[in-house]
Amino acid sequence: MKQKIRTLTILSIGTVSCMILFLIMTRATATTNNFNGVLQACQVALCLLMVCADYKKGVILSYAVLALSLISSLRVMILFHNMMPLPGVCNLFIYFIVLSLLSRQLNRKEQQSKTDFLTGLLNRRGLYDLQNKKLSARAPFYLVYFNLKNFPEINDTHGHFYGDAVLNTVAGRMRKIVGKKGSLSRISGHEFVMLLSAKHDPVEITDSIITSISEKISIQNDDSNIDCFLSVYAGIAKYPDDATDFEYLLKYANIAMFHASQSSAQRIRFFNKDMERLLSRQFEIEQFLLDGFSRNSFYLDYQPQYKLDGKVLRGYEALLRLRATDGSVILPEEFLPVAEKSDLIHKIDNYVLRNAMVEFKDILTKSDEFLKLAVNISIRSFTSPDFVSSLSKLLDEVSFPAHFLELEITEDSFLHSFDDSLRNMKALRAMGISIALDDFGSGYTSLAYLTKLPINLLKIDKSLIDGLENQIISRDFVHIIISLGHLIGCEVLSEGVESEHQIALLRDLDCDCIQGYVWSMPLAYSNAKQLAAESNE
């Protein structure tokens, strides 16, 4: 607003000044040419100032003023038959040329400031200028937010030359499909925005763009051909249905895109208010996580694990809890996915390992039984190169016996990076630490992978146990998993057991251990300690 006021002020002053100069010059005679030359120079200076202040309006006004000045000079030459103004007339023609060149240069600079230098699409500034026109027209339109989810990895792997070539290819494919139906902009490294009139089908055009971008991209570099495939997701928001403010419209389309990227089934999502509430909840949880360590909001519960033969206590699984500021408890299934998107997950894993071992040491000293402490470890921590060495230092620092520790990992841990996971598993087993494969049956584990993994315990996912009583197919699956676990030399534990009937069936299927509400809910540390003491009696 201040810039607009300043521009209008300059234009107003320039206009008034030039008009005064024009009136003076029209009254001039052949004897005042020197004075007129000075006035003309001032006039041109003001014109240049107006063009620099606002080249679009300034150049039109300057042309008008110079034209009036030219008419004035020609009037003197014609009426008074005086050729003295002739040099001024020549200067005016030169000024016309200078202003034209200056205007063209400023226009080119303006366009460059609104254009992405790499792809030739609009940049963020160009998008905002375009949206002002769209909002002024008040016609409904769609804003589509595209994200090339795996582009950063491709860029890091092959370098920026290849990454730039990929982005140019993407922009070309988008232009070919959109044509004159809409406008395209690149607003960040791997994020694009399309503005599309409401008369077009946004899903059809967006799906065509995603399909096109997802096809193989081949880039020639140093006589070698590099191929890649991009994972593309899009979110759509509509003006004015979803928002009348462009910032909110962009935000809502981004939220919808985020939800699409989290879905395995839908690559395109329309914004709805539930998405915003969910994202707000995620931001709230992220803040709880950030403050959790300073406010001492984390604590551990312990889920007892039992051997089926004789209901003997096998050990405990440490379960992390987060207490919100209002005293309510946030469960791991809600806050861990948020933590895994940031480096907070490493801090959380370290917290659980350290505190569980410190507390469990006291339980070990009061128990004659050989009890296991099971701790879940995230994919990001388990596959990191320094995980084994960091854990070894922590064991020494806490003075915790390694053979009492059991690390639980999910199938995704080794599917995410099999070589790193296998290397760390072998190193941990060499230290005496046990490895449990958690939630088995909920993923896509290859049997070829399974036979290579140095695991001690196979944990059957609760989803299979839930159907044990009523579904023969679930019972058959559980039987196969138990037999498979025994075949590769593992104990087998069933999670989420909630009835004595399930226990009876699992005994018949030769399962080794169980955990679940049927024999014990997760316990506070003091209760877990008491249960371990009672198991000795």
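## Helix faces and cores

The cover over the buried residues of helix α20 includes α18 (462-466), α19 (472-487), β15 (491-494) and β16 (513-514). Contact here means heavy atoms within 4.5 Å. Buried means under 20% relative accessible area, exposed over 50%, and partly exposed in between (1.4 Å probe, protein chains only). Helices (H or I, at least four residues) and strands (E, at least two) are DSSP runs numbered from the N terminus.

The model is predicted: local features need pLDDT of at least 70 and side-chain atom pairs count only at pLDDT 80 or more, while totals for chains, interfaces and linings use all residues. Numbering starts from 1 along each chain as its sequence is written, and side-chain values use heavy atoms, with hydrogens and water left out.

**Overall.** The protein has 21 helices and 17 strands. Of its 537 residues, 47% are buried. Among contacts with a separation of 6 or more, 67% join residues 24 or more positions apart.

Helix α20 spans residues 500-508, with Q502, I503, L505 and L506 buried. Viewed down the axis, these buried residues fall within an arc of 165°, so they line one face of α20. The arc is that of the directions from the helix axis to the C-beta atoms. E500 and D508 are exposed on the other side of α20.

Helix α6 (residues 151-158) buries F151, I154 and N155. Their arc around the axis is only 100°, which puts them on the same side of α6. D156 and T157 are exposed on the face turned away from that side. The cover over the buried residues of α6 includes β1 (141-148), α7 (160-178) and β5 (224-228). An α-helix has 3.6 residues a turn, so residues three or four places apart point the same way.

|---|---|---|

**Cores.** A nonpolar core is a set of buried Ala, Val, Leu, Ile, Met, Phe, Trp, Tyr and Cys residues joined through side-chain atoms within 4.5 Å. The largest one has 81 residues. L289, L373, V375, F400, L405 and L407 have the most contacts inside this core. Helix α12 (residues 344-365) gives the largest share, 11 residues. A second, separate core has 33 residues, among them L121, F146, I210 and I236.

With neighbours within four places in sequence set aside, L373 touches Y302, Y316, A318, A356, M357, F360, F400, F404, L405 and E406.

**E406.** This residue sits in strand β12 (residues 405-410). E406 is buried, at 1% relative accessible area. Neighbours within four places aside, E406 contacts Q305, R314, K372, L373, A374, V375, S434, A436 and L457. E406 and N456 are 50 residues apart in sequence, yet 8.8 Å apart in space, C-alpha to C-alpha.

**A helix crossing.** The axes of α10 (residues 273-292) and α11 (residues 332-339) come within 9 Å and cross at roughly 85°. That makes the two helices roughly perpendicular (65 to 115 degrees). Axes are lines fitted to C-alpha atoms over the stretch in contact, with angles from 0 to 180 degrees between N-to-C directions. From α10, R281, Q282, I285, E286 and L289 meet E334, F335, V338 and A339 of α11. By class, the contact has 5 nonpolar, 1 polar and 3 charged residues. L289 of α10 is also among the residues with the most contacts inside the largest core.

Terms used:
Parallel < 35°, antiparallel > 145°, perpendicular 65-115°, else oblique. Nonpolar A, V, L, I, M, F, W, Y, C, P; charged D, E, K, R; others polar.
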